[in-house]
Amino acid sequence: CSKIYIGRNVVIRPGTFLFADPRDGGGTITIEDDVLIGAGVHLYTNNHEFSNPNIPIIDQGYPPASPSDSIILRKGSWIGAGVIVLPGIEIGENSVIGAGTVVTKSVLPKQVVAGNPNKILKHL
């Protein structure tokens with residue numbers, strides 16, 4: 001929890017999972033003011049290592065910790081139910097992420113995106 005920052009007037013619905021890398025130098029999660037987060041949203045600042053096909057993934061550990069894996073949800077954004085946000089993503093101010101979206105690239109302010117991977121639907 002020491003690497004998760006939550007602003008004022010933030011709504012986080014049940015079943016949401018926030019994973020900030022606990023290692024020194026690892027990614028943080030920043031949720032600015034007035035953000036809406038739907039049920040069952042997952043935010044991940046790290047991933048499993050899977051570079052060697054001869055070693056079980058569970059035994060490969062994790063990539064090196066990096067602050068560039070941080071996630072930022074900017075002021076006024078709305079993250080729909082069931083969204084997955086991957087490491088290194090910034091969601092722009094007053095953006096909308098459609099339910100069930102897998103966010104693989106950052107979203108500019110006032111964009112509406114949805115899909116897997118996320119695609120721009122329109123600008124507000």
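The chain carries 10 positive and 10 negative side chains, and the centres of these two sets lie 10 Å apart. Please keep in mind throughout that what we are looking at is a predicted model.

Of the 124 residues, 32% count as buried.

Next, the overall architecture. The chain contains 14 strands and 0 helices. The radius of gyration is 15 Å, close to the 14 Å that the globule rule gives for 124 residues, so the chain is as compact as a globular protein of that length. Taken along the principal axes, the C-alpha atoms fill a box of roughly 45 × 30 × 25 Å. As for contacts with a separation of 6 or more, 42% of them are accounted for by residues 24 or more positions apart.

How are the strands arranged into sheets?

Val-96 stands opposite Val-112 of strand 13.

The other open sheet is built from 4 strands in the order 3-6-9-12, and here the pairing is parallel. Strand 3, covering 17-19, and strand 12, covering 102-103, are the edge strands, each pairing on one side only. Strand 3 is joined to strand 6, residues 42-44, by 3 bridges in the parallel sense. Leu-18 has Leu-43 in strand 6 as its bridge partner.

As a reminder, most residues other than glycine have a negative phi, and most peptide bonds are trans.

Which residues join through a cis peptide bond? They are Asn-116 and Pro-117, with omega at about 0 degrees.

Two residues other than glycine show positive phi values. For Asn-94, phi is near 55 degrees. Asn-94 sits in the loop between strand 10, residues 90-91, and strand 11. With a relative accessible area of 32%, Asn-94 is partly exposed, because that value falls between the 20% and 50% cut-offs.

For Lys-110, phi is about 60 degrees. This residue lies in the loop between strand 12 and strand 13. Lys-110 is likewise partly exposed, at a relative accessible area of 43%.

Finally, consider Asp-59, in the loop that runs between strand 6 and strand 7, the latter at residues 71-73. Is Asp-59 buried or exposed? Its relative accessible area is 57%, so Asp-59 counts as exposed, the cut-off being over 50%. The C-alpha atom of Asp-59 is separated by 9.6 Å from that of His-48, with the two residues 11 apart along the chain.

Methods: Residues are numbered from 1 along each chain as its sequence is written. This is a predicted model: local features need pLDDT of at least 70, side-chain atom pairs count only at pLDDT 80 or more; totals for chains, interfaces and linings use all residues. Side-chain values use heavy atoms; hydrogens and water are left out. Two strands pair if DSSP finds at least two bridges between them. Buried means under 20% relative accessible area, exposed over 50%, partly exposed in between (1.4 Å probe, protein chains only). The radius of gyration is taken over C-alpha atoms; the globule rule is 2.2 Å times the number of residues to the power 0.38. Contact means heavy atoms within 4.5 Å. Lys and Arg count as positive and Asp and Glu as negative; His and the chain ends are not counted. The place of a charge is taken as NZ of Lys, CZ of Arg, CG of Asp or CD of Glu.
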